[in-house]
Amino acid sequence: PAPAAAAAARRCSGAGGEVEAAAAGSSRRAGGVLRHLLLKLRATGPVTVAEYMREALTNPGQGYYTRRGGVGEGGDFITSPEISQVFGELIGIWYVSEWMATGKPAAFQLVELGPGTGTLTGDILRVFKQLASLLSKCDVSIHLVEVSPKLTEIQAQTLTGGKVQLNPKDAPAYMKGVSKTGIPIYWYRDIQDVPQGSFSFYLAHEFLDALPIHKFQRTEKGWREVLVDIDPEVPDQLRFVLSPSRTPATENFIQPEETRDHVEVCPEAGVLIQRLACHIEKDGGAALIADYGHDGTKTDTFRGFRNHKLHDVLRAPGTADLTADVDFSYLRKMAQGRTATLGPIKQRDFLKNMGIDLRLQVLLQNSSDSATREQLLHSYDMLMNPKNMGDCFNFFALLPHHRLAHPNKKDNPQSKSPLPPVAGFAELVLK
Ligand code: SAH
């Protein structure tokens, strides 16, 4: 039936075959994720925002990331590594600096979550190659965790030139290859598939903001969870509703001392941090997490992006990127004291501490044409200006406690000079 007829049928009659038929008809016109959700909502009632977000982003057949994952200028959003190669180079230096500060272990694996187009990984690998004299005796491997088949393909092309092996017998990865710089790369769908038990660095850039959040609203009757339901007035349209009573989530995720009226919680990010903290505590390493976010102060940050413009989060799920600010205070809590945490520190402070100004000077001196120089200055401004990405993006790190311990000379007179400060979170240490 036509949309108006379907709506009229649903409004006039109660439950019954006529409604079912009209509903099925309207669902067929909706896009893949929406059609799936409409059927589900009709069958079992409202879903949490987390479930909605998971379907919209990573539904195996139709999710936004599964099908397209629009990073880059021609896509829906642009990220720092896509803006400037300097960003990834400085992150590469961060890992080398941490590797040196931990006594240059004989091997490390770098595990990246949600590598997008692979640009950031490529820039890091270039730094590893440039510092080959330092790293030559270290056995380095790259492990990429990615759900999107489309993006996996792009990463393989960027990093290996497309020379990859599917379902290798000798590794738990679904794909493996060798980088253009000669370093083995493995792909997984889930971090739990990545081999454990060895010194590991972790990287998550604009990854945690894509993980599903629960949303809560304070009401006169107490906390209620925000849910997604079908709008009874408009065919094929979704709306937010509040849970009629408390739910297990309102009990588990809202702290008694909470002062905000609206709260977003991302339990998947919490579980991930717990996992990383356990691994780092046991096997050594570090995690560097960079994203836009806050320290437990913001309220409603759930947003959609399509073609670089804001997009109604409930419209056409699967066709737009959905994201929510990362709550770093929650991440700190979820590390549960297993590791030390540093940050969040603003992107412009982190990059300044990492020596971005010096790097820019060198690149400017080395480029003779004005278009390149202009481009360099423009991308510097995008990354550093508080009006662009300088203030809203933050860096946060997990490190073993002993990495930050100040050796006590009295207890340990043999100890050498104090450990170097962690790069980026203090003024530049690696020149
Ligand atoms: N780090 C990149 C891309 C950020 S976009 C950059 O900064 O440019 C988010 C990335 O996370 C994409 O690669 C997306 O496909 C991936 N992703 C999203 N949800 C995921 C999940 N649940 N598991 C694994 N990867 C996921």
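Reply: Beyond its neighbours within four places in sequence, Glu55 is in contact (heavy atoms within 4.5 Å) with Val33, His36, Leu37, Lys40 and Gly63. This is a predicted model, in which local features need pLDDT of at least 70, side-chain atom pairs count only at pLDDT 80 or more, and totals for chains, interfaces and linings use all residues. Residues are numbered from 1 along each chain as its sequence is written, and side-chain values use heavy atoms, with hydrogens and water left out.

Glu55 sits in helix α4, residues 49–58 (helices are DSSP runs of H or I, at least four residues, and strands are runs of E, at least two, numbered from the N terminus). Glu55 counts as buried because its relative accessibility is 13%; buried means under 20% relative accessible area, with a 1.4 Å probe and protein chains only. One of the residues in contact with Glu55, His36, also makes a polar contact with it, side chain to side chain, at 3.2 Å. A polar contact is a pair of N or O atoms within 3.5 Å; within protein, one must be able to donate a hydrogen and the other to accept it, and residues adjacent in sequence count only if both atoms are side-chain atoms.

Ser141, in strand β3 (residues 139–145), is likewise buried because its relative accessibility is 13%. The side chain of Ser141 has a polar contact of 2.8 Å with that of His143. Outside the four places on either side in sequence, the contacts of Ser141 are Phe108, Gln109, Leu110, Ile183, Pro184 and Tyr186.

Methods: Buried means under 20% relative accessible area, exposed over 50%, partly exposed in between (1.4 Å probe, protein chains only).
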